Structures are given as C-alpha cells and as structure tokens.
Amino acid sequence: MKQKKNNFLIRPAFYLVGSLVLSGCQSLVWPDYLRPKVDTPDRYVEMSQDAAQNQIAKDWWTLYQDETLNTLIASALKHNTDIKVAVANIEQADAVMKEAGTLLFPTVALDAGGTRSRVTEAGAFPVFGDNPRESYNFKFGTNFELDFWGKLSRTKESARASALSSRYAKDTVALSLTGLVANQYLALRSLQKQIQIAEQNLVSRDESLALTKRRLEGGIVSALDVYQAEVASANLRAQLSDLKRLQALSLNQLALLTGDMDLAVRGLGQAQADVMALPIPPVPPLGLPSSLLESRPDVRQAEAQMVAANANIAVAKAALYPSISLTASWGGESLELQDVLKSAARIWTGGLSLNLPIFNGGRLNARVDQEAAKQKKTLATYERTIQTAFTEVNDALINLRQQTEREQSLQTSQDSAKKMLALSENRYQSGYSAYIEVLDAQRTYNEASLAFVQARQARLSASVELFKVLGGGWQPTETQ
C-alpha cells in the first residue's frame, strides 16, 4: 500500500514537470506573441486634453430614432450577400480550427480484412496445408505524436487566431454595410425633401407665370416678363426631373444593399420621414482617447492575423527538430474466421518512432523564412491599419464640426433668401421693380433651400462616418 501511495504522489509531479519542460521547449523554439507598440498620439487633434468616459454603441443607427432605418439595416445584416460570404468564411475557419485541435489527440483506427489466396505448387518445395487458403484479421491501431516542440499546439493557435480574424472580418463588413445603408437612406430622405421643396417652388413659379400673363393681357408688362417666367418654370421642372431620377437610383442602391428588391414596390420611395426632422446624435466629448481604436474590428482583425503569423513561424521552426511518435496496435489474426477472437489469435505491437530531418536542401529553412516574411507583412499591415484608423477619426471629427458650421450658415442664408423673395414679389406687384428681380429672388431661395437640406444630410452623414470609424459608434455614459 505504501508503494502505491508513493506512485500516486509521484505520477502527477512527473506529468507536471513534463508539461513544464514541454512548454519551455516550445518557448525556446519561438517566443509567444507580444503586441507591438505603434506610436500614435494619445488623443485626437479635434479634442482637448480633458479626460472623458465613453463607450461604444454597436447599434449606433438607433440613435437616429427612425424605425425604417432600423428595419433596413436589420434586413441588410440578414440578407446582404457580402454578409453571407463573411459568415461562410467564419464557418470555414471554425472547421479548420477544429481540425487543428484534433492533432493534439491520438488517432485510433480499426483495420479488418479477410483474404483467400492460392500459391503455386510447381517447383522443388511442397506446399503444406490447404491450397487455396483463407486468412482473417482485425486490428485496432493508434498513433500519437508528442508535441515536444509545440508544432501541434502552435498549429492550433494559428487556426484559432485565423478563426477569430474571420469573425472580425465579418464585423468589418457589417460595420461598412451599416454605414452604407445609413448614408444611402439619408440621401434618399434628403432627395425626397428636395423634391418636396422643388415642387412647392414650382407651384409658386407657375402662379407667378399666370400672374405675369394676366398682367400682359392688361397691358401692364411686356411679353419679356412672360418669357422669363416660362424659362424659370421650365428650368425648375428639369431640375425636379433630375431629383426624381436620383431618388430612383438611391432606392435601387438601397434595395441592393439590403437584399430586398421590393423596396420600391412597398412604397419606400414615397416620402415617409423628413430628413430635417431626424435628430442629431450626440457627438463625442472632449478628451476622446485614441485607445478607442482598439474597438475597431479591422484593427482587431489585423492583430489576430499577427497572432496567426507568429504561431506559423513557430510551426515552421518546430519542423527543424525531431518529431517523436508513439504507435500501438492490438487485434487478432487467424486462418479461420471463428478463431480470430480467440486468445491464441491475439496480436499486438507497440513502439516509439523518431524522425529527424538531416538533409532537405534547405527546404525547411526556406519555409521558416517564408513565414518570417509573412509576419513582417502582417506587422506592417497592422501599423498601417492603426495609422489609417487614427487619420480617419481625425478626418471624421473635422468633417462633423465643419458640416455643422456650414449647416448653420446655410440656414441663415435660407431665411434671408425667403425674406428677399417676399420683398421682391411685393415690389414687383407694386410696380417698383422689374420681373427679373423676382426671378433672381426665386432662384436664390430655391438654391438656398436645397443647399440647406443637403447640408443637413451632409451633417448627418458626417455623424454616420464618425460612428463608423470609431468602430461602431459612441454613446455617453451615465457618469458624463
């Protein structure tokens, strides 16, 4: 009993020491992954040095409080073909990861067979026994490679990182897709509002044309005023036709992005929401840290690819060292089928094999060099992704601020143009000015109104772009 107790204590210690030795050998072959340092400023150029609490809102589009937009994005995330391809890539990567994981376990196979054969009886040596004769056998065999240098575990690590990368790739596609849908939806609503303004202005111009014709009949004005009014109405009708064309194209693009080709049939092309009524989402506070870049899926994808590349170098390096495998088999073999399970028919083997590469013309070293070059490439890609992301956030912050100021200026311009139009119409009807002054005021008011709507769309689109480059949006916390 004392000897068994000692064995009970010694075996776990032996396994622990063995695992530590194996892990140490793996680290000696190639070091574990460490995140590289990429030099970027702590904060963005548009922000002050004040600290701020923040969090990323993955469903950032809900901040616009538009149920139609929410429905469109839900449809896009479900039916868009790019999303389907990304999901299939995830499934493929998961299957590869599962396959890599099985390399750490022994393989067990069953071989069974039966043969009937006849040997020659010609010659000097007689044939003993039956001819032809039968033979039956079955055998369980197993093979297990000791992961002494970490080749198998690093293969699993690489597959796991690749699977994670495929998930981040899908998130990147989804983030880009939701941004496209949101921007296209804002463009559609903007065009609908511009069409509404153009139609209202067209009514006003047609009324002015009718008034001018009556004044011509009364001998108050010349035919020149009528021709000028007709030109103004015709030009506005042409502009209205172009706006409707752009609306149809925008609707078709939305149908493609969402995978729903019946959008126009269901009446989405009809005005449902005023782009001017959509709320302006909250903007990031002062002191937004650049560490938010880590939430971007493309940055995470690039880092997962670096993890895989580092593990692949370890796999290539481990191939330079000897591989050790344990083999065993157990079964039965007999000339009679009914005897194959008897103890006398038992057969078994057990062994240890070692394979050490001695000369291969530098092929294995070349593979190490290939993986090292791939790692350098993934590192450069990671650095470029970080730098690009930082630049995109700075650009988006600048665009949002400038578009906000631009919208405010164009709102003032629209208000002044409306007053100018009313004043010019009163002056013309009172006979104090020529009709060309009214036409100029109408054109100015129409252009100012359309520009104001376009500015609101640009401001909302700038907020969409900022949410997208931040990795999914921004939302204030309760402590702010």
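Among contacts in the protein between residues at least 6 apart in sequence, what percentage join residues at least 24 apart? In this predicted model, the figure comes out at 83%. The chain runs to 480 residues, and buried residues account for 39% of them.

As for the overall layout, the protein has eight helices and four strands. Going along the sequence, these elements come in the order α-α-α-β-β-α-α-α-β-β-α-α.

A word on confidence comes next. The mean pLDDT of the protein is 83, with 84% of the residues at 70 or more. Where pLDDT is low, the predicted coordinates are not something to read in detail.

Now for a helix pair. A packed pair of helices is described by two things, the angle between the axes and the distance between them. For helix α2 (residues 67–79) and helix α3 (residues 81–102), the angle is about 45° and the axes lie 6 Å apart. An angle of that size makes α2 oblique to α3. On the α2 side, the contact is made by A76, L77, K78 and H79, while α3 brings in T81, I83 and K84.

The structure holds nine aromatic pairs. Take Y64 and F467: their ring centres sit 6.4 Å apart and their planes meet at 65°, so this pair counts as edge-to-face, the label for planes over 60 degrees apart. The pair ties together distant parts of the chain, since Y64 lies in the loop between α1 (2–29) and α2, whereas F467 belongs to helix α8 (residues 435–469), 403 residues away.

Are these two partners buried or exposed? Y64 has a relative accessible area of 2%, so Y64 is buried, the cut-off being under 20%. F467 is buried as well, with a relative accessibility of 1%.

Terms used:
Residues numbered from 1 in each chain as written. Predicted model: local features only at pLDDT ≥ 70, side-chain atom pairs only at ≥ 80, totals over all residues. Heavy atoms only, no water. pLDDT = per-residue confidence, 0-100. Axes fitted to C-alpha atoms, helices over the stretch in contact; angles between N-to-C directions. Helix = DSSP H or I, 4+ residues; strand = E, 2+ residues; numbered from the N terminus. Parallel < 35°, antiparallel > 145°, perpendicular 65-115°, else oblique. Contact = heavy atoms within 4.5 Å. Phe/Tyr/Trp six-rings, centres within 6.5 Å; stacked < 30°, edge-to-face > 60°. Buried < 20%, exposed > 50% of the residue type's maximum accessible area, 1.4 Å probe, protein only.
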